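Subject: Model handover and findings

Hello,

Here is the model for you to look over. Please open it next to this note.

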Amino acid sequence: MKKFALAATLCFAAAATTAQADCTAVTVEDQFDLDEAAINVLYDCLRDKMAEGYAKAGHEVGSTYRDWAITATRPAVEGSHGNRLLLTFANDVAAEQYLKFEDEGVNMPIGSVLAKESITVSIKKKKARVGPLFIMTKVGLDEAPDTDGWLYDGVQPNGKKMKFKQSFCHNCHSGWSDSDFLAYPVEEVRVSSE
Ligand code: HEC
């Protein structure tokens, strides 16, 4: 009887572990091969944990961005932010202009904030986990003369602030000077502003 109970317990534990592993499991050989359905499974699996983590240490953006305008229909892999699935939210100040996804003559209003969730996909470990929340805030040239008026910030999955040089982010974002240094989500997932 005792033996049976033990076996049942072990069995249950194994099943629980499998269920947990399954929803973050990655079976593809390349992150660009993840299809819409697979991405949605990963996002559904991690979305609550993700928002709780970013808010954990009280970071202002990390605690509020989920109420903002969503700019894509689902997370997508672009490539520049590593092997990550990305999903950007725009605050009230930014949303109208950002959602036009214009390529030229863009000048985002001061106070614009973009917050981008990420899911890190490890092909080697065959697993996905929450990645950092990447943030850009338009503060204007007086406050951020070296980065064309933008401040870069980041929140780790445990809620702590990320440490990095502003130039690390801006050196790459400076490639999009015509769209006020915004690179936008990949075209196939952009929401229309209509
Ligand atoms: C190697 C190039 C590169 C680097 C370095 C980089 N980014 Fe980006 N970033 C991109 C691209 C490309 C996109 C658009 C792709 C997407 O969101 O799907 C983007 C999008 C963003 C967005 C959404 C707003 C937008 O541009 O549409 C934020 C916020 C952001 N990055 C923050 C950061 C922060 C913070 C850092 C530094 C820690 C950083 N980025 C470093 C290339 C880069």
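**Ground rules**

This is a predicted model, where local features need pLDDT of at least 70, side-chain atom pairs count only at pLDDT 80 or more, and totals for chains, interfaces and linings use all residues. Residues are numbered from 1 along each chain as its sequence is written.

**Fold**

The protein chain has five helices and seven strands. Helices (H or I, at least four residues) and strands (E, at least two) are DSSP runs, numbered from the N terminus. The order from the N terminus is α-α-α-β-β-β-α-β-β-β-β-α. The chain has 194 residues, and 30% of them count as buried. Buried means 20 or more other C-beta atoms within 10 Å of the residue's own, exposed means 12 or fewer, and partly exposed is in between; C-beta atoms are placed from the backbone.

A contact needs C-beta atoms, placed from the backbone, within 7 Å.

**Ligand shell**

The ligand is surrounded by 23 residues. A residue belongs here if its C-beta atom, placed from the backbone, lies within 6 Å of the molecule. The closest are Ser 80, Phe 134, Cys 169, Cys 172 and Ala 183. Two or more residues each come from β3 (84–90), β4 (113–122), β6 (133–138), β7 (150–155) and α5 (166–173). Which element gives the most to the shell? That is α5, with four residues.

By class, the shell has 16 nonpolar, five polar and two charged residues. Here Ala, Val, Leu, Ile, Met, Phe, Trp, Tyr, Cys and Pro count as nonpolar, Asp, Glu, Lys and Arg as charged, and the others, Gly among them, as polar.

**Strand β3**

Seven of the seven residues of β3 are buried, so the strand is largely enclosed by the rest of the structure. Arg 84, Leu 86, Thr 88 and Ala 90 point one way. Leu 85, Leu 87 and Phe 89 point the other way.

β3 has several partners. Strands pair if DSSP finds at least two bridges between them.

- β1 pairs with β3 in the antiparallel sense over two bridges. Ala 69 stands opposite Ala 90 there.
- β2 (residues 76–77) also runs antiparallel to β3, joined by two bridges. Val 77 has Leu 85 as its bridge partner. The hairpin of β2 and β3 has six residues between the strands, and Gly 79 takes a positive phi near 120 degrees in it.
- β4 pairs with β3 in the antiparallel sense over seven bridges. Phe 89 stands opposite Ala 115 in β4.

**Core**

The largest nonpolar core has 34 residues. Such a core is a set of buried Ala, Val, Leu, Ile, Met, Phe, Trp, Tyr and Cys residues joined through C-beta atoms within 7 Å. Leu 85, Leu 114, Ala 115, Ile 119 and Ile 135 have the most contacts inside it. At least two residues each come from α2 (36–55), β3, α4 (92–98), β4, β5 (127–130), β6 and β7. In soluble globular proteins, nonpolar side chains tend to be buried together.

Leaving aside neighbours within four places in sequence, Ala 115 is in contact with Val 61, Tyr 65, Thr 88, Phe 89, Leu 133 and Ile 135.

**Single residues**

Tyr 65 sits in the loop between α3 (60–64) and β1 (69–70). Is Tyr 65 buried or exposed? Tyr 65 is buried, because 25 other C-beta atoms lie within 10 Å. Beyond its neighbours within four places in sequence, Tyr 65 is in contact with Phe 89 and Ala 115. Ala 51 is 14 residues away from Tyr 65 in sequence and 8.9 Å away in space, C-alpha to C-alpha.

Asp 30 is in the loop between α1 (2–24) and α2. Asp 30 counts as exposed because it has 10 C-beta neighbours inside 10 Å. Asp 30 and Asn 83 are 53 residues apart in sequence, but 8.9 Å apart in space, C-alpha to C-alpha.

Neither is glycine, yet phi is positive: near 55 degrees for Asp 180 and near 70 degrees for Phe 181. Asp 180 counts as buried, with 21 C-beta neighbours inside 10 Å. Phe 181 is buried too, with 22 other C-beta atoms within 10 Å.

Best regards

Methods:
Contact = placed C-beta atoms within 7 Å.
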